[in-house]
Amino acid sequence: LRGGWRDHAVKDALDLCLACKGCRGECPVNVDMATYKAEFLSHYYDGHLRPASAYAFGLMPWWARAASHLPRLTNFVTQTPGLRDVAKAVAGMAPERRIPRFARETFRSWFERREARNVGKPRVILWVDTWNNHFHPDTARAATAVLEAAGCQVTIPTVSLCCGRPLYDYGMLGLAKRLLRRILDTLGSAVRDGIPVVGLEPSCVSVFRDELVNLMPRDDVAKRLSAQTYLLSEFLARKAPAFDPPRLSAKAVVHGHCHQKSVLGFDDEVTVLEKLGLDYTVLDSGCCGMAGAFGFERGEHYDVSLACGERVLLPAVRSAPRDTLIVANGFSCREQIAQTTAREAVHLADVIKMALDQREVKHA
């Protein structure tokens, strides 16, 4: 490189990388451009300020935690015309995008005031990710019910933790590594005891399976945590195969998260969908285009985001009958669908909870 880690041409070449990791799963030699991009940006901005969007989106776990103390005020600012426009301009967000609403109560708050269930049964740790904790707590509550129906005692980490997923996209690797070290220190005892960790957000689970061991290749607890972390469908298919969810008579259009397909695998998702008896179609849609914060950013990122989504996913969602479920596990995927179509997508946990609720109604 002529400019080494400060080469502007390399930065420009990497700028439109979605960090979807599709190349890792589809390239014959497993080229991993997302990792290359994170490493390059880490050096490129070493000791220098990043664009405003890097701090607005990359530090979202901290912003979300602050917003959770005053969710109504935060939503007033981010949803009111004029105020929201200023907020988007400061954050480097595309004016066409909507700022997601914060939930009035986080999943963690709900779980901590809830009585323990299934005490004495096999224990699992439900990973409380930023997105389902602050924006979709209903999904995390549904996952809790599903895991308990599968015969598990659900616990959560004793303190707020974050895998730092947004940090990798902006090359904030030093801060990301500190977050991972805190996770290992907090969960170390449970990990050594073999307690499985179940995650709902594919991009977060992929951190434990990919970035964690890349950043800490010699750490034994990191290796164990990587091996003991499962996406919900993986856990149900591999660790709770006796769990037989009620069949749900419904049609579904299913979009696979790019990290799930490239890093984690999609076979277990299909296994659970089959057990549910759904009449489903898995789209050959690639990345939804939102790709974390990528599609929220103004300018060319927004344009590329829409082009990716319009290739397969968004037309399929718009053409699906109203009674067809739209299933997408990723927060960014669900936002892309919600912000560009008239539909709302649901997580697999929500779908299984629908089946459980339907069974209860029938037996009432």
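Asp219 counts as buried, at 17% relative accessibility. In this predicted model, Asp219 forms a salt bridge with Arg181, and the closest N and O atoms of the two are 2.8 Å apart. The pair links distant parts of the chain, 38 residues apart: Asp219 belongs to the loop between helix 13 and helix 14 (220-228), and Arg181 to helix 12.

**Salt bridges between residue pairs**

- The count of salt bridges comes to 17, and the pair of Asp219 and Arg181 is one of them.
- Arg181, the partner of Asp219, is partly exposed, with a relative accessible area of 33%. Asp219, at 17%, counts as buried because the limit for that class is under 20%.
- Arg334 forms a salt bridge with Asp350, with 3.7 Å between the closest N and O atoms. Arg334 lies in helix 20 (residues 331-340) and Asp350 in helix 21 (residues 348-363), so this pair ties together parts that are 16 residues apart in sequence.
- Are Arg334 and Asp350 buried or exposed? Both Arg334 and Asp350 are buried.
- Glu105 and Arg113 meet through their side chains in a salt bridge of 2.9 Å, N to O. Glu105 counts as partly exposed, at 29% relative accessibility, whereas Arg113 counts as exposed, at 58%.

**A salt-bridge network and Arg165**

- A network of salt bridges links Lys21, Arg24, Arg165, Asp210 and Glu211.
- Within this network, Arg165 is found in helix 11 (residues 165-169). Arg165 counts as buried, because its relative accessibility of 7% falls under the 20% limit.
- Which residues are in contact with Arg165, leaving aside its neighbours within four places in sequence? They are Lys21, Ser203, Ser206, Val207, Glu211 and His259. Lys21 and Glu211 are also members of the salt-bridge network.
- Arg165 and Leu59 are 106 residues apart along the chain, and their C-alpha atoms are separated by 9.8 Å.

**Packing of helix 12 and helix 13**

- Helix 12 (residues 173-192) and helix 13 (residues 202-215) pack with their axes 11 Å apart, at an angle of about 105°. That angle makes helix 12 roughly perpendicular to helix 13, because angles of 65 to 115 degrees fall in that class.
- On the helix 12 side, the residues that meet helix 13 are Lys177, Leu180, Ile183 and Leu184. Their counterparts in helix 13 are Val207, Phe208, Leu212 and Leu215.
- Val207 takes part in this packing and is also in contact with Arg165.

**Asparagines with positive phi**

- Asn30 has a positive phi of about 55°, although it is not a glycine. Asn30 is placed in the loop between helix 2 (22-26) and helix 3 (33-44), and it is partly exposed, with a relative accessible area of 47%.
- Asn118, which is not a glycine either, has a positive phi of about 55°. Its place is in the loop between helix 8 (107-112) and strand 1 (123-126).
- Asn118 is partly exposed, with a relative accessible area of 21%.

**A nonpolar surface patch**

- Which helix gives the most to the nonpolar patch? Helix 6 (residues 71-79) does, with three residues.

- Gln358 is partly exposed, with a relative accessible area of 30%.
- Apart from its neighbours within four places in sequence, Gln358 is in contact with Arg247, Leu248 and Ser249.
- Gln358 and Val270 are 88 residues apart in sequence, and the distance between them in space is 21 Å, C-alpha to C-alpha.

Technical notes: Residues numbered from 1 in each chain as written. Predicted model: local features only at pLDDT ≥ 70, side-chain atom pairs only at ≥ 80, totals over all residues. Heavy atoms only, no water. Helix = DSSP H or I, 4+ residues; strand = E, 2+ residues; numbered from the N terminus. Axes fitted to C-alpha atoms, helices over the stretch in contact; angles between N-to-C directions. Parallel < 35°, antiparallel > 145°, perpendicular 65-115°, else oblique. Contact = heavy atoms within 4.5 Å. Buried < 20%, exposed > 50% of the residue type's maximum accessible area, 1.4 Å probe, protein only. Salt bridge = Lys/Arg side-chain N within 4 Å of Asp/Glu carboxyl O.
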